[in-house]
Amino acid sequence: MSHDRARTDGPVPALELRGISKRYGPVVACDAVDLTVQRGEVHGLLGENGAGKSTLMKVLMGLVQADAGDVHRDGVAVDVRTPQQAAEHGLGMVHQHFSLIEPLTVWENVALGEPGRIDRDAICADVEAVGARYGLTIEPTATVERLSAGERQRVELIKALRRDPKVLVLDEPTSVLTIAESAALFEVLRTSVAAEGRGVILISHKLAEITAATDVVSVLRRGRLAFHCRTADTSAPELARQMVGRDVSLRAEGAALGLVVTDDPAKHLTPVLQGGLDAVPAEPPAPEAPADVPGTAALALHGLCVAGPDGRILLDSLDLEVATGEIVALYGVEGNGQATLGDLLSGLMAPDTGEVRVDGRAVSLDRPGALHEAGVGVIPEDRHRSGVVLDLSVADNLVMTDLRRFSGRFLMRRAQIRAQAEELVERFAIRTPSVDAPLRTLSGGNQQRVVLARELSANPTVLVAAQPTHGLDVGAIEDMYARLREAAAAGVAVLLISTELEEVMALASRIAVISSGRITGVLDVADASPQRLGMLVGGEAA
Amino acid sequence: MSAPSPTPAPARRPLAAYVVGGMGLRRPGADAWRTAAITVGCVAVAVLLAGLLVTISDGSPSEVVDALYTGSIADAAGWSQTLVNAAPLLLVALGACIANRAGVFNIGQEGQLLIGAMVGCFVALRLQGPGWLVISVALVAAAAGGGAWSGISAAMYYTRGVNVVVSTLLLTFIAIQVVQFAVLSPSLLQETGIGNGPARPQSDSVPEFLRLASFGQYPDLTIGVGVILALLAAVVLAVLLGRSRWGFRLSMLGLNPMAARHAGIRASRLGGSALVLSGAFAGLAGGVILLGTVFRLQPAISNNYGWDGLLVALVARSRPGLAVPVAVLFGGLRAGSSYLAATGVPDYLVDVIQALLVLAFVVPPVLSALWGRRLRNRSAVAETPARPSAAAPAKEEVPV
């Protein structure tokens, strides 16, 4: 590896990892990884799921002991065996999954884990001071469960920054943020970095973010440092190739990787909103999509209204139609009613008013399973919550919505279930040791395939896919895209609920934008530009 | 929908699920062997502790073992007593298996059993007719009584969200009062005093021809109708829970209510009926005790059969097939304890031993799960390679 020796000469780096290796049994998670972070530098760390990013950072944070290698802070070798030691050495981290306690307030969460007496007023003042300094305004007495994802991340950031870290690690910080929130976050990173000489490690698998927000980038692939370079000297396609280890088409995979090429990496994420997408040849809309054939709406939602238990309007007379063979995307920022709509179409709740029609027939939404019987297949947003039963076998999960088909008067027909399961495992390339293995033992991508296989095996009229690629790696994402296209080509009306702009642009023929529980506009993909979508997402007419 | 949540973390089985068990469809894996090993260790510790307790209460462990053995399985008479005790334990445990499968944790069997015995007694004493008919009606009524009692909890849970554990437990104490009241009210069930003695707080004795038949004569092995009934129920339930659509739906509901709803299951109907059914089994146990051994309603008729039956289900991990031997074991301990007096060791020591045994069986799966979780957390840190070779499919959940 010639790159890693080519360290920037000059000042003593804020952080240096030398030859970090960690293996778990036969799996080498990190293989002699070197990483140098200068003061005042934003260092991008790229890699697919399983490339070793998290292990490396866990070693750094004292959550995991490395087999070999050492950590230097300001040129001095330090021993990081516990998270407490990491904190003492000025290492702070904001994890991808927030570690906040929802019923507690902001200041309580910030104070959590600190030794000594807790002084409410001092901490509140601290929260406000830190917030003002970095432009992270937040009400210290607000309860965390009422905050949006972006606000929660602010709490995490304030919590980390209050401890005055010399090196701050952010793990996939934008996975739950809107584009505007992401841009704001990177602005904060810049100011905190430039003004105070802290080092920042930004972990991401979204190339657009890395190229826009970092100074230096390192790419990990299968536990090894595959590439290291100044961000200005590289390009998104180059990074994509280094990450995946082969050439990446800018079409499906480009979307999967969040590959939105920006012309000017020095600008923050704003380029995405300024026509950056034009650089990506958008997937041509499925040619067979009869988007404007009237009267063929396979799925029609009319005036759906749902109020939350606290009286908040979750869906506000939502209307949407999806025709046979068409992929319609419902795009918007997370938390604008998509989860409610997903629950509704999964049959988990009934709307206050409004109706759902499948093939022109109204479905009674009070009865569990009615939607499924009417021909609506659902890939739920949170498959563990409503899509699968983790402790049942793969076979059981593959048939559980159609028990009547697989049982006699009383008893289940085990042989028939096995046969069906084996066929679906084969057809959908589900990687499992056997159809009897508990679903829990499958990887996320394969669990998702089980859901997809089950829902499609019922020959649905409509397929609702809510965030179908959340948490999947590139290979699984490509596969999911292909399956969704296939389903549409076979005449299924596909409703794709997504917060990923690239995904929406790559798959859909029409894009409906949801904001505050209502549709603010529906655009053909040809007419959809990031600007117009951005306006609609913000609740304005475009 | 509340505030947006980030990508879901891999869901964990709640630890309580390891105590309750109830997923009969899993093959034994590394976890199972670990659990078995820990169980052996725990039972050894429990036996050791029991021996220690006996020693410090001035008894001799060998005498105690001898007494327990003599009272329970040394001869046909012992076996007879063991089986008589095992029948209601098994019935209660079977009911608990059903509720646990559905994820509703009924712990009020003691009360449901009492109510069942009371209703059964009422029918047996008041209904006129041929013996077989009255016995059948009384047993069905006992089951209905127990079912109705747990049905109160079901109704409260599915309409108002009242916690099932709390309501079934508290209803037990109400049931005790109801039975007290019934046997203290001459207009209800209090015995018609004979001669000059004051009427005691118990019902009249059930006439001879309404008592459950048993096959065999002392000192040979005697097997009562209750035992046969319980065994039959165990077999039927084992098949139903393991292989029927109903059993599958119960498991689905218990393991993931949301996915179950998506699959067309109405929780209030299926879960509610599971709760009612579990109460019915406890009530039936009450009827069997009444017509099989005690013959009259007394406030103490339940004699902890409800609590112990629940423990049987816990030890058996909610599997009807396993509940049979466990119920026999517990029945044997009960039978043996009556022989303890001769050893100078207080007979409540058997309760302590029993409790130790329950802990020895209930704790290992949880320990094993905690241990496995710790192992997993360590290995989960290792991100599995993005593209594991087809020859070595990812065994553990890949962190996403």
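# Sheets and helices, chain by chain

What you are looking at is a predicted model, in which local features need pLDDT of at least 70, side-chain atom pairs count only at pLDDT 80 or more, and totals for chains, interfaces and linings use all residues. As for the labels, residues are numbered from 1 along each chain as its sequence is written, while chains are lettered from A and ligands numbered from 1 in the order in which they are written.

A few words on terms. Helices (H or I, at least four residues) and strands (E, at least two) are DSSP runs, numbered from the N terminus. Two strands count as paired if DSSP finds at least two bridges between them. In general, the strands of a sheet pair through backbone hydrogen bonds, either parallel or antiparallel.

Strand β14 (residues 353–358) of chain A is joined to β15(A) by two bridges, and the two run antiparallel. Look for R357(A), which stands opposite A362(A) in β15(A). Contact here is between residues whose C-beta atoms, placed from the backbone, lie within 7 Å.

Now for another sheet in chain A. This open one has six strands with mixed pairing, in the order β6-β7-β8-β3-β9-β10. At its edges sit β6 (91–94) and β10 (224–230) of chain A, each pairing on one side only. From one strand to the next, the twist averages 20°. Helix α1 (residues 53–60) of chain A packs on this sheet and touches β3 (42–46), β6, β7, β8 and β9 (216–221) of chain A. The direction of α1(A) makes about 150° with that of β7(A). Helix α5 (residues 149–162) of chain A lies across β6 and β7 of chain A, running at about 175° to β6(A).

Strand β7 (residues 167–171) of chain A runs parallel to strand β8 (residues 199–204) of chain A, and five bridges join them. One spot to check is L168(A), opposite V200(A) in β8(A). Further along, β3(A) and β9(A) are also parallel, with four bridges; here G44(A) has V217(A) as its bridge partner. Then β9(A) and β10(A) pair in the antiparallel sense over six bridges, with L220(A) partnered by L225(A) in β10(A). These two strands form a hairpin with two residues between them, where R222(A) takes a positive phi near 50°.

Is β9(A) mostly covered or mostly open? Five of its six residues are buried, so the definition makes it mostly covered. A residue is buried if 20 or more other C-beta atoms lie within 10 Å of its own, exposed if 12 or fewer, and partly exposed in between, with C-beta atoms placed from the backbone.

Stepping back, chain A has 19 helices and 20 strands, and 56% of its 542 residues count as buried. An assignment that is automatic or from a database sets the domain bounds: domain 1 (3–90 + 165–230) and domain 2 (297–537) of chain A. Their centres, taken over C-alpha atoms, are 36 Å apart.

Over in chain B, have a look at helix α11 (residues 267–294). Its 28 residues reach 38 Å from first C-alpha to last, close to the 40 Å expected at 1.5 Å a residue; the expected span is 1.5 Å times one less than the number of residues. Of those 28 residues, 22 are buried. Just after α11(B), F295(B) takes a positive phi of about 70°.

How far does the predictor trust its own work? pLDDT is its confidence in each residue, from 0 to 100. Chain A averages 81, with 85% of the residues scoring at least 70. Residues 249–294 of chain A are below 50, and this stretch has 116 contacts in the model beyond near neighbours in sequence. Chain B has a mean of 85, but its residues 380–400 stay under 50. Where pLDDT is low, the predicted coordinates should not be read in detail. For the complex, the predictor gives an ipTM of 0.80 and a pTM of 0.71.

Technical notes: pLDDT = per-residue confidence, 0-100. Contact = placed C-beta atoms within 7 Å. Axes fitted to C-alpha atoms, helices over the stretch in contact; angles between N-to-C directions.
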